[in-house]
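Please look over the sequence and the model below before reading on.

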Amino acid sequence: MQLRIALLLLAVPQVQRYLEVNAPRVILEHVDVIDGTGTPPERDRNIQIEGGKIARISAGGDEPAQSGTAVLDLRGRSVLPGIVGMHEHLFCLVRPHLSAHSSFEGPAMFQQMTYSAPRLYLAMGVTTLRTAGGVEPATDVKLQRAIEAGDLPGPHIDVTGPYLDGPGNANLQIRALDGPEDARQTVAYWADRGVTSFKAYTGITREEMRAAVEEAHRRGLKVTGHLCSVTYPEAVQAGIDNLEHGFSANTQLDPGKQPDKCSESRGDYTLEHMPPGSAEANRLIALLVGRHVAITSTLPGAGSRVLPKALPPAALSAMSPSLRDSYLYSRNRAVDQASLDRDARMLRIEMDLERAFVAAGGLLIAGADPVGVGGVLPGFGDHREIELLVDAGFTPLQSIRIATLNGAIYLGRQDRIGSVAVGKNADLMVVKGDPSARISDIENVEIVFKDGAGYDPAKLLESVTGHYCQY
Ligand SMILES: [Zn+2]
């Protein structure tokens with residue numbers, strides 16, 4: 001009986017209070033449409049939303065007021081597809097007794113952010129995300145279902161299972177597999193319980209990866225990896241679908257690399273010795289493209305050191321006091337110029353390889369990898385990723401496509417999400433300004449539509465003030 005009461009309390013819908021627009025029919029008047037395909041914006045259009053879908057896109061005009069229809073005059077605004085974030089997290093990294101000099105007492109922990117993270121994503125226009133590794137997959141699945149049921153605000157979520165890792169990881173929340181059969185069973189167990197994606201981690205063996213991939217593929221699910229012990233070509237051989245952190249976790253050229261063991265350089269050496277245009281780079285890119293392996297760009301982490309940008313005030317406000325302290329410590333710490341120069345060189349190679357990969361026909365997708373470190377937060381970090389893709393040399397329209405339609409293509413959902421087109425889900429972000437001309441305008445999110453319901457970013461942000469990295 002008591003349990004039933006608790007469940008009823010949980011089921012009180014909390015979505016209503018965050019809605020700004022909620023009508024059977026919505027018309028967005030006089031907007032510029034950046035449709036997510038990479039084509040130039042269409043100026044002054046009306047978008048009609050009905051039944052959660054985009055029902056019509058027509059020339060801009062003034063619609064007569066009708067009952068049951070919300071009409072929004074959005075002159076000066078752009079409408080984009082909701083962001084499809086492909087390397088996202090629902091936890092925050094906490095380091096006990098972190099000092100201003102960045103020392104802390106272990107163990108570091110991944111703290112679940114089931115309350116604040118989904119709200120931050122949605123507020124910033126992320127309407128679909130894939131977690132790229134989780135520590136409480138059962139919680140994440142239940143959250144995903146509560147969001148789908150309309151009980152909690154948040155984006156559509158593809159939940160990734162527990163990190164598939166080998167021994168040697170100091171993180172106590174990451175379990176070590178003990179062989180290929182364990183890998184297969186772990187995938188089967190979590191796939192049976194609502195997990196729709198898997199991620200191999202830095203200590204997995206080739207045989208474990210092969211077993212995990214086989215089991216996932218048998219179920220129509222995909223596997224990605226943040227690798228080290230397995231090189232990129234080996235992962236391609238094992239049938240992996242996607243590689244995280246661009247080209248920076250490939251260890252194929254690392255000195256002293258032992259099979260199935262992470263190397264000391266953790267891929268840094270390989271990246272430095274694989275400049276774009278080199279024979280090694282060309283061979284790897286051809287292999288990835290030929291085997292349809294997607295690459296996930298996660299630039300904000302390195303970008304926060306090499307190309308720092310002041311955080312939006314709203315991001316600072318969302319941080320818990322202790323996260324804000326640790327962010328300000330790290331921002332104010334004296335930099336070692338030599339290591340910063342090296343980071344800058346590596347980031348440039350990474351960015352150039354991502355462009356070469358796309359030029360060769362590869363599917364580049366994007367994510368923020370937000371765990372609080374370096375001021376990278378859910379949602380805000382996704383905007384930063386798009387801006388850094390522009391720094392990488394993509395046009396603003398290409399960068400927007402990478403963060404929207406490309407993710408939808410990877411998920412096999414491009415008929416429903418990822419671009420602004422008639423018949424697709426009304427998962428949209430309305431921003432002030434024109435991100436096709438000035439990419440930082442992507443930060444000016446005014447309304448976020450998910451399945452046709454318009455959320456107020458200010459209300460979502462207000463609900464998490466001071467709580468990101470707390471709960
Ligand atoms: Zn990550």
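In which hand, left or right, does α13 pass α14 in their crossing? The crossing of α13 past α14 is right-handed, and the section on this pair gives the rest of its geometry. The model is a predicted one, and what follows should be read with that in mind.

## Helices α13 and α14

Helix α13, which covers residues 380–392, packs against helix α14, residues 396–403, at an angle of about 135°, and the two axes are 9 Å apart. Because angles over 145 degrees count as roughly antiparallel and those from 65 to 115 as roughly perpendicular, α13 and α14 are oblique to each other.

On the α13 side the residues that meet the partner helix are Ile 386, Leu 389 and Val 390, and on the α14 side they are Pro 396, Ser 399, Ile 400, Ile 402 and Ala 403. Sorted by class, this contact holds seven nonpolar residues and one polar residue, with no charged residues.

## Helices α4 and α5

Helix α4 (residues 180–191) and helix α5 (residues 206–218) have axes that come within 8 Å and cross at roughly 30°. Since angles under 35 degrees count as roughly parallel, α4 and α5 are roughly parallel to each other, and their crossing is right-handed.

From α4, the contact draws on Pro 180, Ala 183, Arg 184, Val 187 and Ala 188, while α5 supplies Glu 207, Glu 208, Ala 211, Ala 212, Glu 215 and Ala 216. By class, there are seven nonpolar and four charged residues in the contact of α4 with α5, and no polar ones.

In soluble globular proteins, nonpolar side chains tend to be buried together. The largest nonpolar core in this model has 99 residues, and those with the most contacts inside it are Phe 198, Met 209, Leu 243, Phe 247 and Leu 288. Helix α12 (residues 337–359) gives this core its largest share, which is six residues.

Leu 288 is one of the residues through which α8 meets α12: Ala 281, Ile 285, Leu 288 and Val 289 in α8 face Leu 353, Ala 356 and Phe 357 in α12. By class, the contact of α8 with α12 has seven nonpolar residues and neither polar nor charged ones. The two helices pack at an angle of about 50° with their axes 10 Å apart, which makes α8 oblique to α12, and their crossing is right-handed. With neighbours up to four places away in sequence left aside, Leu 288 is in contact with Val 236, Leu 243, Phe 247, Val 293, Ile 295 and Phe 357.

The C-alpha atoms of Ala 286 and Asp 369, which lie 83 residues apart along the chain, are separated by 26 Å.

Val 306 is located in helix α9, residues 300–306, and at 19% relative accessibility it counts as buried, since buried means under 20%. Not counting residues up to four places away in sequence, Val 306 touches Leu 340, Asp 343, Ala 344 and Leu 347. Val 306 and Arg 348 are 42 residues apart in sequence, and their C-alpha atoms are 9.8 Å apart in space.

## Backbone features to note

Gly 106 and Pro 107 are joined by a cis peptide bond with omega about 0°, and Pro 107 is placed in the loop between β8 (91–94) and β9 (109–112).

Two residues other than glycine have a positive phi: His 292, where phi is near 55°, and Cys 469, where phi is about 90°. His 292 is in the loop between α8 and β15 (294–297) and counts as exposed at 70% relative accessibility. Cys 469, in the segment after α16 (457–464), is buried, with a relative accessible area of 8%.

Key
Residues numbered from 1 in each chain as written. Predicted model: local features only at pLDDT ≥ 70, side-chain atom pairs only at ≥ 80, totals over all residues. Heavy atoms only, no water. Core = buried A, V, L, I, M, F, W, Y, C linked by side-chain atoms within 4.5 Å. Buried < 20%, exposed > 50% of the residue type's maximum accessible area, 1.4 Å probe, protein only. Helix = DSSP H or I, 4+ residues; strand = E, 2+ residues; numbered from the N terminus. Contact = heavy atoms within 4.5 Å. Axes fitted to C-alpha atoms, helices over the stretch in contact; angles between N-to-C directions. Left-handed = near helix turned anticlockwise from the far one by under 90°. Nonpolar A, V, L, I, M, F, W, Y, C, P; charged D, E, K, R; others polar.
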